[in-house]
Amino acid sequence: MGRPFVYMNMAMTVDGKITSTHREYANFTSDLDRRTMDRLRAEADAILIGAGTLRSDDPPLHVRDPEMRRHRRSLGKPDHLLRIVVTAGGALDTSSSFFGSAGTVPPLVVTVENLDANRVEQLQARAEVVQFGTDFVDLERMMAFLDDRGVKRLLVEGGGEMNWELLRLGLVDEIYVTMAPVLLGGREAPTLLEGAGWPMDRRCNLRLLELHREGDEIYCRYRVQRS
Ligand SMILES: NC(=O)c1ccc[n+]([C@@H]2O[C@H](COP(=O)([O-])OP(=O)(O)OC[C@H]3O[C@@H](n4cnc5c(N)ncnc54)[C@H](OP(=O)(O)O)[C@@H]3O)[C@@H](O)[C@H]2O)c1
């Protein structure tokens, strides 16, 4: 089964948190980090988030910087990315901005085959809905579907549970991390990777491809190593 090139972009604190215990919008990085995020978006065909991130942040998922929009056009990509959310329960607020229009591209909700039919219908009024798997979305089938749809570069923007699901299945190629000079603490504050975790002898190793410092921030790009 083919799949897109999958790259993840996350900002974290020195203690590995991606937001606070109160799950506020993560605005602890600099303008440069936002420009980096924009560049990574400009180079993607689609952008994917977990439903938790949609519920707590409803983040704008477009390329904001005009220069980066030009960069995107120079790559031959349409103005808007395909926006994707993954959910099993389907508890999404269809009045959120995620479901608003982005050019002519409706968002894509990826969910399970046993989601309540009425709920599917409500979501279909605002989005394209595809269903793979029963209790959880079969993410490998989702990737094959996206590949067939022409999504060759897929950007994942969290959160921690979604990242874990993709990484544990070996579906991520590269990880971009911005480490901000901030501490948040809090045992309930989500980290870059949630889920069940790996035992030490099955840990996921990374190769550092790029590292640079800008002010007090550290920018890293890793390749995920497969065993
Ligand atoms: N600092 C950063 O760069 C950054 C980036 C993004 C997000 N965040 C933060 O991360 C927090 C959210 O993270 P989170 O870990 O709570 O949530 P999340 O990873 O965004 O979403 C988890 C949800 O995604 C759905 N999901 C994931 N894998 C699935 C699968 N295989 N099948 C079906 N559904 C699946 C489920 O939705 P349902 O419950 O609907 O079934 C699950 O509850 C937010 O507070 C946000 O601020 C930070």
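Helices (H or I, at least four residues) and strands (E, at least two) are DSSP runs, numbered from the N terminus. With those labels in hand, let's take a walk through the structure.

Before you click on anything, note that this is a predicted model: local features need pLDDT of at least 70, side-chain atom pairs count only at pLDDT 80 or more, and totals for chains, interfaces and linings use all residues. Residues are numbered from 1 along each chain as its sequence is written.

**Stop 1: the sheet**

Start by colouring the strands. You will find an open sheet of nine strands in the order β5-β4-β3-β2-β6-β1-β7-β9-β8, with mixed pairing. Two strands count as paired if DSSP finds at least two bridges between them. Now look at the edges: β5 (128–131) and β8 (206–214) stand there with a single partner strand each, so one side of each has no neighbour in the sheet. On average, neighbouring strands of this sheet are turned by 20° against each other, direction ignored; the axes behind that angle are lines fitted to C-alpha atoms, for helices over the stretch in contact, and angles run from 0 to 180 degrees between N-to-C directions. As background, strands of a sheet pair through backbone hydrogen bonds, either parallel or antiparallel.

**Stop 2**

Select V129 in β5, the bridge partner of V109. Four bridges join β4 to β5, and the two run parallel.

Next, select β4 (residues 108–111). L108 and V110 point one way from this strand, V109 and T111 point the other way, and all are buried. Here a residue is buried if 20 or more other C-beta atoms lie within 10 Å of its own, exposed if 12 or fewer, and partly exposed in between, with C-beta atoms placed from the backbone.

Move on to V85, which stands opposite V109 in β4. The parallel strands β3 and β4 are joined by three bridges.

The pairing of β2 with β3 is parallel, over five bridges. In β2, A46, L48 and G50 point one way and I47 and I49 the other way. Five of the five residues of β2 are buried, so this strand is largely enclosed by the rest of the structure.

One more step: select I47 and its bridge partner in β6, L155. β2 and β6 pair in the parallel sense over three bridges.

**Stop 3: helix α6**

Now select residues 160–168, helix α6, where G160, M162, N163, L166 and L167 are buried. They cover an arc of only 160° around the axis, which puts them on the same side of α6; the arc is that of the directions from the helix axis to the C-beta atoms. What do these buried residues pack against? Show β1 (5–13), β2 (46–50), β3 (82–86), α5 (139–148) and β6 (153–156) to see their partners. Just after α6, G170 takes a positive phi of about 70°.

**Stop 4: around the ligand**

Select the ligand and the 30 residues around it, of which G50, A51, G52, G158 and G159 come nearest. A residue is near a molecule or strand if its C-beta atom, placed from the backbone, lies within 6 Å of it. Which elements each supply at least two residues of this shell? They are β1, β2, α2 (51–57) and α6, and the largest share, five residues, comes from α2.

While G159 is highlighted, check its backbone: the peptide bond from G158 to G159 is cis, with omega near -5°. G159 is found in the loop between β6 and α6.

**Stop 5**

Finish with some loops. Select K152, in the loop between α5 and β6. K152 and P4 are 148 residues apart in sequence and 4.3 Å apart in space, C-alpha to C-alpha. Not counting residues up to four places away in sequence, K152 touches P4, F5 and D45; two residues are in contact if their C-beta atoms, placed from the backbone, lie within 7 Å.

R23, in the loop between β1 and α1 (31–42), has a positive phi of about 55° although it is not a glycine. R23 is partly exposed, with 17 other C-beta atoms within 10 Å.

D58 is not a glycine, yet has a positive phi of about 45°.
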